[in-house]
Amino acid sequence: MTEIHTPRLVLRRWTDDDLVPMAEINADPEVMRWIGDGSGYDLERTAEAIERWEEDWDEEGFGLFAVELLASGELAGFTGLSVPDRLPEVGSVVEISWRFGRQFWGQGYASEAAHAALEFALEDRGLDRVFAVVRSGDEASRNVVSKLGMELVSETRDPESGHPLQVHAIDLTEYA
C-alpha cells in the first residue's frame, strides 16, 4: 500500500470510512464552484468516484490519494494523479489535481499535498511530465500550480461546461 507522509499530512489509499466525509466535501457548492459545471456530488456519486479512483491505482500504478491530517486523522480531501479523458486535445497525459474541504483552505494543505504527489509522480513513478488543468479565475488553484513550479502551456475550454481552462505542466528536468 502506497502511503506518503508530509509534515502535517498522510496521503494514502481510500477506505470505507472516507465515503461520508468526502461526500460532504463534494456536496459543498463553494468547493465544487470551479469543478466541471459546479454541480455537487451526492453520496452515491462520491462512492462511484472513489471506486474509479481505486481502479486507477490498480490499472495505472497511481491515482488520487485520500489526504488526512496527521494530527487528527480527519479526511481533508484528495490529491494525486489521473489520466483524464475530458480534454482530447492534450492527449493521454498524467494530470495532478486536488480537492479539499472548505475548512482546510488557506492553510497550505493543498500545496503540501500536491507537492508530495508531484514528487511521487516524478521520482517514484518515473513520469517525465505532469499536467494540471485549472479553470480560469480559480486563483487558489493557480497559486498551488505556481508553487509547484508549473508553467502555462495552453488554454482551452471544458468540452462539457464551456468554461475556459488553463493547462499547466512541469517536466522532470524542470522539477529537479
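Helices α1 and α3 are roughly perpendicular to each other, a label given to angles of 65 to 115 degrees (under 35 degrees counts as roughly parallel, over 145 as roughly antiparallel, and the rest as oblique). The two helices, α1 at residues 19-27 and α3 at residues 43-60, pack at an angle of about 115°, and their axes are 9 Å apart. Axes here are lines fitted to C-alpha atoms, for helices over the stretch in contact, and angles run from 0 to 180 degrees between N-to-C directions. Helices (H or I, at least four residues) and strands (E, at least two) are DSSP runs, numbered from the N terminus. The structure is a predicted model, in which local features need pLDDT of at least 70 and side-chain atom pairs count only at pLDDT 80 or more, while totals for chains, interfaces and linings use all residues. Residues are numbered from 1 along each chain as its sequence is written, and side-chain values use heavy atoms, with hydrogens and water left out.

From α1, Leu 19, Val 20, Met 22, Ala 23 and Asn 26 meet Leu 43, Thr 46, Ala 47, Ile 50 and Trp 53 of α3, where contact means heavy atoms within 4.5 Å. Eight of the residues in this contact are nonpolar, two are polar and none is charged. In this grouping, Ala, Val, Leu, Ile, Met, Phe, Trp, Tyr, Cys and Pro count as nonpolar, Asp, Glu, Lys and Arg as charged, and the others, Gly among them, as polar.

Turning to the strands, Thr 79 is part of β4 (residues 75-82). Thr 79 has a relative accessibility of 0% and so counts as buried; buried means under 20% relative accessible area, exposed over 50%, and partly exposed in between (1.4 Å probe, protein chains only). A polar atom of the Thr 79 side chain lies 3.0 Å from the backbone oxygen of Ser 97. Beyond its neighbours within four places in sequence, Thr 79 is in contact with residues including Leu 11, Phe 65, Val 67, Trp 98 and Ala 117.

Ser 154 sits in strand β7 and, at 27% relative accessibility, is partly exposed. Neighbours within four places in sequence aside, Ser 154 is in contact with Leu 165, Gln 166 and Val 167.

Helix α4 (residues 109-124) holds Leu 118, a residue that is buried at a relative accessible area of 0%. A distance of 10 Å separates the C-alpha atoms of Leu 118 and Ala 132, which are 14 residues apart along the chain.

Two glycines lie in loops. Gly 149 is in the loop between α5 (139-147) and β7 (151-157), and its relative accessibility of 32% makes Gly 149 partly exposed. From C-alpha to C-alpha, Gly 149 and Glu 174 are 7.9 Å apart in space, with a sequence separation of 25 residues. Gly 73 is in the loop between β3 (64-69) and β4 and is partly exposed, at a relative accessible area of 38%. Gly 73 and His 163 are 90 residues apart in sequence, and their C-alpha atoms are 35 Å apart in space.

Technical notes
A polar contact is a pair of N or O atoms within 3.5 Å; within protein, one must be able to donate a hydrogen and the other to accept it, and residues adjacent in sequence count only if both atoms are side-chain atoms.
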